[in-house]
Amino acid sequence: MIKLTPYENRNHFVETYVQDKFVKIQKKYNKMEEKDKEYLKCLFPEAFSGNTLDKKFFSDLLSINLFDVIKKYASVKEYFEIAFFSSLDIRNICRDKSEKEAESIREGYYCRFKTECNNFGKYIIPDYARKHIGIREIDKYICQSAENFDKFQNYIRKTVIEARRIRKSKIRYGILKDIFSYKTMLDASDRNGIVKNLNLVACPYCNRAYISSFEDKWSEEEERTSADVDHFFPKKAFVLFSLSLYNFIPCCKVCNSLFKGDKNMDILYPYTDAYESQAIFSLVDNEQVLEARDVYGWSKGKKIDIAGVDIEDSARAAQIEREIQLFRIREVYQVHNEFAERLLYSKNVLGPRTKKEILECINKGLKDEQLQMAEFDRFFYGVDIDNIAQETKRTPLAKLIIDILK
């Protein structure tokens with residue numbers, strides 16, 4: 001829902017974080033057997049400078065936008081595409097679709113995987129074919145049903161993502177767990193730093209809950225945060241990204257623990273994208289009919305809905321709808337129905353005449369510091385209705401308020 005502001009370049013927190021994690025990665029690497037070190041170098045040649053770990057590679061991995069990392073390093077791109085395909089929650093992605101539509105969706109993801117992995121992972125599909133079905137029928141077999149697609153994904157997870165057995169001719173990413181350990185290498189101060197440096201006050205997934213960092217005299221920790229720190233790309237499937245700052249999304253516990261968890265439903269990446277103005281909240285009835293009383297804010301019993309508007313790219317429209325479904329935005333916002341009705345009433349019945357009269361009373365007798373209508377709107381509605389990008393970061397329900405008012 002909300003696009004995140006990137007970390008500042010040369011930020012002290014970022015520099016300290018990168019240095020700390022690189023030292024810990026080096027220690028883990030130094031404990032590996034020589035054959036494992038050599039295999040890791042085969043997997044990610046850009047991660048090495050000679051026979052030592054390349055700090056620039058790990059600095060990029062830990063501290064810049066993940067899609068920039070993917071674009072910059074061919075081996076990371078290959079890893080990402082394999083992990084992405086194998087972790088897709090294809091059943092939920094295809095939920096409520098006809099069988100024909102679902103097969104088309106599966107085929108689209110499969111073709112992307114097959115194309116992107118042609119150079120490094122081209123052995124995966126023939127290997128699977130030899131064990132399950134004839135080579136000529138393999139593409140159709142994998143895409144024709146959710147069960148077959150699941151089986152192929154599971155095969156990749158077990159034989160590529162999680163497997164440790166070293167074979168020079170084939171990719172095995174299980175070895176990454178030896179040097180990337182989220183549980184032992186990230187602590188409370190890191191999580192607090194992430195929340196504070198992203199300057200977030202409202203959950204970016206739902207824009208309903210406050211998130212904060214605070215001093216806690218009742219705890220052994222000096223500072224704590226009320227936010228969960230979600231791995232946008234699930235750490236189990238994307239071990240390489242498990243410590244990357246640009247894979248962390250501070251969010252409320254409901255969005256993280258109750259709804260998203262370790263799902264990969266191919267939604268918008270918050271550091272580069274958001275549906276802020278492309279999906280709009282509105283008050284509707286079951287018939288989706290707009291009446292005169294609705295315009296004037298007199299209607300009762302309406303329900304909040306959210307839907308995409310003016311989206312020409314069908315793939316993007318599908319991503320936005322999946323995100324709305326994943327975080328149950330329509331469902332959890334029903335508790336705010338009466339609040340939205342009061343907003344509409346305040347706008348159409350109480351204002352603008354009432355606002356103008358109140359503003360005139362406030363400004364009466366003032367000469368140099370008179371309150372302007374734009375400032376008064378913020379007081380009247382609680383948000384700056386012309387600044388959705390900033391308001392949604394610091395004010396819960398800001399998007400709902402601005403959409404209803406506009």
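1. Start with S242: beyond its neighbours within four places in sequence, S242 is in contact (heavy atoms within 4.5 Å) with F180, Y182, H231, K235 and F248. This is a predicted model, where local features need pLDDT of at least 70, side-chain atom pairs count only at pLDDT 80 or more, and totals for chains, interfaces and linings use all residues. Residues are numbered from 1 along each chain as its sequence is written, and side-chain values use heavy atoms, leaving out hydrogens and water.

2. Where does S242 sit? Look in the loop between strand 5 (228-231) and strand 6 (248-251); strands are DSSP runs of E, at least two residues, and helices are runs of H or I, at least four, numbered from the N terminus. S242 has a relative accessible area of 3%, so it is buried (under 20%; exposed is over 50%, partly exposed in between, with a 1.4 Å probe and protein chains only). A polar atom of its side chain lies 2.8 Å from the backbone oxygen of V239.

3. Now for N199, in the loop between helix 12 (188-197) and strand 3 (213-215). Its phi is near 55 degrees, a positive value in a residue other than glycine. N199 is exposed because its relative accessible area is 58%.

4. D310 belongs to the loop between strand 8 (303-308) and helix 15 (314-326). Its phi, near 50 degrees, is positive too, and D310 is not a glycine. With 79% relative accessibility, D310 counts as exposed.

How values were computed: Polar contact = N/O pair within 3.5 Å; in protein donor to acceptor, adjacent residues only side chain to side chain.
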